[in-house]
Amino acid sequence: MIDQNSATAKAPRRKAGALKRFWRSVRGPLANSPIVRSMIVWLITQFFRLVHLTNPRLKGSSDLEDMKRGGEPFIAVAWHGQHLMAPFLMPRGVRFVAMFSKSKDAELNARVAERFGVEIVRGSGGRDRSKGTEKGGARALLVLKKALAEGKTAAMIADIPHGTPRDSGPGVILLAKLSGRPILPICYLTTRRKVLEKSWDKTTIPLPFGKSGLIVGDPIFVPDDADEAMLEAKRVELTNSLNANTKRVHELVDGAA
């Protein structure tokens with residue numbers, strides 16, 4: 001005999017599988033279409049503007065001017081998945097350059113950042129700490145060092161794409177050593193948000209019509225004569241600061257929700 005319940009349960013799964021196969025067959029051509037890409041980027045930028053306008057800052061948040069307390073320019077740093085609103089988190093008048101990886105996943109984010117007037121540098125913090133940087137990361141760090149010397153603030157994401165989430169890579173620490181500029185850990189969160197639980201970095205998408213919180217950690221300086229042990233200690237310090245302040249901003253925002 002045929003189990004009617006089993007057959008009924010399999011039907012939605014077959015339909016979902018067919019839709020997934022269809023999407024996989026068309027997403028490549030769509031992604032390669034300049035018109036489609038431009039439309040998607042425009043929609044995302046408008047969405048982020050709406051989020052910014054409809055999420056007033058909660059009492060207890062850091063002031064944007066707090067970022068200048070270690071001096072200017074500085075190196076603004078956040079975790080992957082918590083960086084989407086970065087163009088709105090810079091003090092007035094600050095010019096900044098942002099590093100994005102060369103991966104296809106980062107391409108859309110980079111195009112959106114460019115729409116907000118952010119200068120883009122391609123590179124990666126690298127996966128192998130013993131080698132410092134790879135995949136164009138060394139060149140990108142030199143470009144960021146030059147930008148800092150010109151008075152521009154640099155923005156980086158601390159953890160390495162598809163590496164260990166919430167664990168800083170070495171790239172930002174090396175940049176601080178080379179440039180002599182302070183690292184500013186930045187944590188931002190909204191009361192209304194969607195967390196993509198299946199993403200490697202638990203990407204958090206801020207939603208409109210809520211409240212927002214911002215916590216800026218203490219500046220972290222890396223001496224220009226720092227050896228490997230000191231570089232590792234500063235990497236751990238940055239990791240701990242970002243994690244502690246992520247917890248603080250969650251307490252601030254979720255307590256107000």
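How many cavities of 30 Å³ or more does the structure hold? I looked, and there is one. A cavity here is a set of points, on a 1 Å grid over the protein atoms alone, where a 1.4 Å probe fits but cannot get out.

Ground rules first. I'm working with a predicted model, where local features need pLDDT of at least 70 and side-chain atom pairs count only at pLDDT 80 or more, while totals for chains, interfaces and linings use all residues. Residues are numbered from 1 along each chain as its sequence is written, and side-chain values use heavy atoms, with hydrogens and water left out.

**Entry: the cavity**

I noted about 70 Å³ of space in the largest cavity; a volume is the space filled by probe spheres set on the grid points, which are joined across faces, edges and corners. Its lining residues (those with an atom within 4 Å of a point) include Gly81, His83, Tyr188 and Thr204. Strands S5 and S7 (204–206) each give two or more residues to this lining, and S5 has the largest share, with three. Helices (H or I, at least four residues) and strands (E, at least two) are DSSP runs, numbered from the N terminus. I sorted the lining by class: five nonpolar, five polar and no charged residues. For that sorting, Ala, Val, Leu, Ile, Met, Phe, Trp, Tyr, Cys and Pro count as nonpolar, Asp, Glu, Lys and Arg as charged, and the others, Gly among them, as polar.

Next I checked the largest pocket, which holds about 1100 Å³ of space. A pocket is an open set of points with protein on both sides within 12 Å along at least five of seven lines. It has 50 lining residues, and the closest to its centre are His80, His83, Leu84, Asn109 and Ile157. Helix H3 gives the most to the lining, six residues. By class I got 32 nonpolar, 15 polar and three charged.

**Entry: the cores**

A nonpolar core is a set of buried Ala, Val, Leu, Ile, Met, Phe, Trp, Tyr and Cys residues joined through side-chain atoms within 4.5 Å. Buried means under 20% relative accessible area, exposed over 50%, partly exposed in between (1.4 Å probe, protein chains only). In the largest core, of 32 residues, Ile75, Leu144, Ile183 and Leu238 touch the most other members. Helix H6 gives the largest share of this core, six residues. Apart from it I found another core of 27 residues, among them Phe88 and Val216.

**Entry: helix H6**

H6 runs over residues 228–256, so I counted 29 residues. An α-helix has 3.6 residues a turn, so residues three or four places apart point the same way.

Which two residues does a cis peptide bond join? They are Glu72 and Pro73, with omega about -10°, and Pro73 sits in the loop between H2 and S1. Lys202 has a positive phi, near 50°, and isn't glycine. I found Lys202 in the loop between S6 and S7, where Lys202 counts as partly exposed because its relative accessibility is 37%.

Notes: Expected span 1.5 Å × (residues − 1).
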